[in-house]
Amino acid sequence: MTTTDPTTAVTLDEETISAYRRDGVVRIRNIITADEAARFRDAATAATRVAEDNFTGSAIFNQYVNIWRQDDVLRELTLDSRLAAAATALAGVPLRLWHDQLLIKPPHNGAATEFHQDAPYWPHGGSRHSLSVWVALVDVPVERGCMTFIPGSHDHKDLRRQDLSDRDDLFRASPDLRWEERTTIPLRAGDCTFHNAYLAHSATPNLTDDPRIAHVAIYIDAEATYTGAAHVVTDGLGLTVGEPLEHELFPRV
Ligand code: SIN
Ligand code: NI
């Protein structure tokens, strides 16, 4: 069985790890407690009053990147050893943090996050495994902007970058994926999903009166190298192309 407890390391059983490796996604219930989720939700709500929205002008979500550098409470969540231990067990390679983000769909935002893979957006070479943990800080039923995945699609590693505001873009890049089954995973506050960075995923619009508040920590292979491609997190840091991302922004976990 899989156990989580705030005082102990999370332990994932072999069945969970093999389901993740097969499907590219797994749900872990109560990766943090409901009380912890409420505390981080309050911190997130306060932080977004002062942090810069990296996605202004889009109805899809408000995005607050590297919030762990700006807020001490949310830093605890981003660097939480339960998340990191589970991510490392799933990935099977040593990891470092790539970045975190709060992704908030305001009430009645009217826009889905359309199907895309994450990895094509990133300036990483030779990453043996990259993945995100998407933690629900509020209850996220299907109607509040929950995630949908195409299990197994993480074997598509050579696709171009896809536009997450365009409903058809992933399927233009890879027409076969249109005919694959989809899995929609509602989460209670404190639950999470881990998804492979090559797994195709989307999220429904928020049809409810309350914001959808998700905290995402993203991990990459600790040995992955910097390609030099433009990205808001790495631009201007002076990283060396072809070298691992050794920088205080990307701690090993
Ligand atoms: C979302 O939360 O709306 C999308 C998250 C993701 O693309 O990883
Ligand atoms: Ni994504």
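Which residues coordinate the nickel ion (ligand 2)? The donors are H116 (NE2), D118 (OD) and H201 (NE2), at 2.0 to 2.1 Å. This is a predicted model: local features need pLDDT of at least 70, side-chain atom pairs count only at pLDDT 80 or more, and totals for chains, interfaces and linings use all residues. Residues are numbered from 1 along each chain as its sequence is written, chains are lettered from A and ligands numbered from 1 in the order in which they are written, and side-chain values use heavy atoms, with hydrogens and water left out.

**Nickel site**

- Donors are N, O and S atoms within 2.8 Å of the metal (3.2 Å for Na, K and Ca); water is not among the atoms, so sites may look incomplete.
- The donor residues of the nickel ion are spaced H-x1-D-x82-H in sequence.
- D118 sits in the loop between β6 (113-116) and β7 (124-125), and H201 in strand β12 (residues 201-203), so the pair ties together parts that are 83 residues apart in sequence.

**Ligand 1**

- The residues around ligand 1 (a heavy atom within 4 Å) include F61, L103, K105, W134, M147 and R212.
- H116, D118 and H201 also belong to the surroundings of ligand 1.
- An oxygen atom of ligand 1 is 2.7 Å from an N or O atom in the side chain of T113.
- For H116, the corresponding side-chain distance to an oxygen atom of ligand 1 is 2.9 Å.
- A polar side-chain atom of H201 lies 3.0 Å from an oxygen atom of ligand 1.
- Taken alone, ligand 1 exposes 260 Å², and the protein buries 96% of that (Shrake-Rupley method, 1.4 Å probe).

**Four-stranded sheet**

- Strands are DSSP runs of E, at least two residues, and helices are runs of H or I, at least four residues, numbered from the N terminus.
- Four strands make an open sheet in the order β6-β12-β9-β10, with antiparallel pairing (two strands pair if DSSP finds at least two bridges between them).
- β6 and β10 (183-185) are at the edges with a single partner strand each, so one side of each is left without a neighbour in the sheet.
- Three bridges join β9 (residues 147-149) to β12.
- T148 has S202 in β12 as its bridge partner.

**Six-stranded sheet**

- Another open sheet has the order β3-β11-β8-β13-β5-β4, and its pairing is antiparallel.
- 10 bridges join β5 (residues 95-105) to β13 (residues 212-221).
- Q101 stands opposite V216 in β13.
- Helix α4 (residues 81-91) packs on this sheet, touching β3, β5, β8, β11 and β13 (contact means heavy atoms within 4.5 Å).

Definitions and conventions: Axes fitted to C-alpha atoms, helices over the stretch in contact; angles between N-to-C directions. Polar contact = N/O pair within 3.5 Å; in protein donor to acceptor, adjacent residues only side chain to side chain.
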